[in-house]
Amino acid sequence: MQFEVKDYEVPEPTAGALVLAVRRANVCGSDIHQFHYDSPALREAVLGHEFVGEVHALGAGVTRDNAGQPIAIGDRVVPVYFVTCRRCAACLRGDFGMCANSLREWSKNPDTAPHFSGAFATHYYVNEDQYFYKVPDELDDRIVAGANCGLAQMLFALDHTRLAAGCTIVVQGAGGLGLYAVAIAKERGARVIVIEGVPERVTLAKRFGADHVVDMASHPTTEGRVARVVELTGGLGADVVLEVTGVSAAFVESIALARVGGEVVSVGNLNVGEGFEIALSPGVITRKNLRVQGILRYDPWYLYRALEFLRRTHERFPFAALAKEARPFNELDAAISDGESRSVARASVIL
Ligand SMILES: [Zn+2]
Ligand SMILES: [Zn+2]
């Protein structure tokens with residue numbers, strides 16, 4: 001399990017495509033999962049997808065971004081990291097985030113042209129089926145690098161709940177996704193309870209405005225954490241529970257944390273199969289009248305909303321603190337370890 005640096009000629013973009021120079025790339029949880037996959041196809045792939053770049057070359061016909069803003073060489077840009085083909089059954093339904101071709105360009109072997117299919121590289125090729133948006137000048141790279149995966153994902157996930165002002169949401173896990181969720185929920189006027197055990201993340205959750213943090217150091221058992229949340233919610237449980245831990249057992253706990261008639265949103269748990277199975281009585285979901293929803297990816301215009309959200313709130317929430325531990329690109333392996341140790345909310349590299 002290691003990285004190899006390979007050299008390729010930076011390609012000229014075809015019509016409708018563009019090439020970015022990567023400026024800053026974050027280590028997302030899915031990069032870490034994939035780093036440990038045994039599958040040979042995925043072992044020889046370019047990782048990295050949560051990032052900000054600047055326009056290096058524009059293909060024929062590319063004059064505006066997907067919000068209609070003029071685009072030129074040197075502009076900072078964030079792309080949606082997956083393909084939306086606009087031709088498959090999901091796209092025809094309007095479920096762009098579920099596009100059947102979403103991962104067409106994902107994790108390719110770098111020997112395959114156009115080579116630059118991941119963000120842990122000097123350049124990134126945005127193909128004609130990827131949305132992209134210009135970055136507002138007032139948002140610096142540290143703040144914006146997490147927009148195209150973490151923040152857009154959280155805005156989309158919470159829009160699929162009935163979270164409103166005055167509701168209580170429990171956020172399980174205060175990594176990048178969880179902290180974004182805290183910011184979004186606070187902006188909407190909700191009450192936020194965070195469950196987290198890593199001291200740095202507990203501190204960050206408070207800085208992001210969490211009303212209560214249930215520290216796993218002082219509440220080491222599921223029973224203890226559920227009891228604390230029930231206590232904090234007047235004996236009811238939470239209106240919405242958001243799972244962004246990637247730990248299977250957290251899903252069982254989310255079911256227990258939700259109130260009768262409440263909602264559970266599963267985002268962090270992505271792996272399937274052996275090692276990721278759990279014991280659960282489905283009757284609990286029935287008896288509690290729960291709505292349980294899984295959310296993977298987002299409608300591409302949510303990336304534009306993410307930029308607008310950051311523009312609106314970057315002085316209210318400490319987004320820069322979320323990814324402060326940037327390393328130079330040649331320390332990518334250490335950055336992956338940072339992400340894995342959960343010692344920082346979002347590990348990143350700068351080019
Ligand atoms: Zn990601
Ligand atoms: Zn499609």
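Modeller: Start with the outward side of α7, where P199 and K206 are exposed. Keep in mind that this is a predicted model. Helix α7 covers residues 199–207, and its buried residues are R201, V202, L204 and A205. Looking down the axis of α7, these buried residues fall within an arc of 165 degrees, so they line one face of the helix.

What do the buried residues of α7 pack against? Their partners are α6, β7 (191–196), β8 (212–215) and α12 (319–322). Just after α7 comes G209, with a positive phi of about 105 degrees.

Follow α6 next. This helix spans residues 176–187, and its axis comes within 9 Å of the axis of α5. The two cross at roughly 50 degrees. At that angle α5 and α6 are oblique to each other. Their crossing is right-handed. On the α5 side, the contact is made by A147, G150, L151, Q153, M154, L155 and L158. On the α6 side, the residues are L177, Y180, A181, I184 and A185. By class, this contact has 10 nonpolar and 2 polar residues, with no charged ones.

Helix α5 (residues 147–159) also meets α11 (residues 302–313). Here the axes come within 8 Å and cross at roughly 100 degrees. Angles of 65 to 115 degrees count as roughly perpendicular, and α5 and α11 are therefore roughly perpendicular to each other. From α5, the contact uses A147, N148, L151, A152, L155, F156 and D159. From α11, it uses Y302, L303, R305, A306, L307, F309 and L310. The class count for α5 with α11 is 11 nonpolar, 1 polar and 2 charged residues.

Now the backbone. As a rule, most residues other than glycine have a negative phi, and most peptide bonds are trans. Some spots in this model depart from that pattern.

R297 sits in the loop between β11 and α11. R297 is not a glycine, yet its phi is positive, about 60 degrees. Is R297 buried or exposed? The cut-off for buried is under 20% relative accessible area. R297 has 11% relative accessibility, so R297 counts as buried.

N289 is placed in the loop between α10 (282–287) and β11 (291–294). N289 also has a positive phi, about 55 degrees, although it is not a glycine. Its relative accessible area is 56%, and N289 is exposed.

The peptide bond from A113 to P114 is cis, with omega near 5 degrees. P114 belongs to the loop between α3 (89–93) and β4 (123–126).

One more helix is worth a look: α9, residues 248–257. How many of its 10 residues are buried? The count is 7, so α9 is largely enclosed by the rest of the structure. The buried residues of α9 are S248, A250, F251, E253, S254, I255 and L257. For α7, in turn, the buried residues line one face, with P199 and K206 exposed on the other side.

How values were computed: Residues are numbered from 1 along each chain as its sequence is written. Chains are lettered from A and ligands numbered from 1 in the order in which they are written. This is a predicted model: local features need pLDDT of at least 70, side-chain atom pairs count only at pLDDT 80 or more; totals for chains, interfaces and linings use all residues. Side-chain values use heavy atoms; hydrogens and water are left out. Buried means under 20% relative accessible area, exposed over 50%, partly exposed in between (1.4 Å probe, protein chains only). Helices (H or I, at least four residues) and strands (E, at least two) are DSSP runs, numbered from the N terminus. Axes are lines fitted to C-alpha atoms, for helices over the stretch in contact, and angles run from 0 to 180 degrees between N-to-C directions. Angles under 35 degrees count as roughly parallel, over 145 as roughly antiparallel, 65 to 115 as roughly perpendicular and the rest as oblique. Contact means heavy atoms within 4.5 Å. Ala, Val, Leu, Ile, Met, Phe, Trp, Tyr, Cys and Pro count as nonpolar, Asp, Glu, Lys and Arg as charged, and the others, Gly among them, as polar. A crossing is left-handed if the near helix is turned anticlockwise from the far one by less than a right angle, and right-handed if clockwise. The arc is that of the directions from the helix axis to the C-beta atoms.
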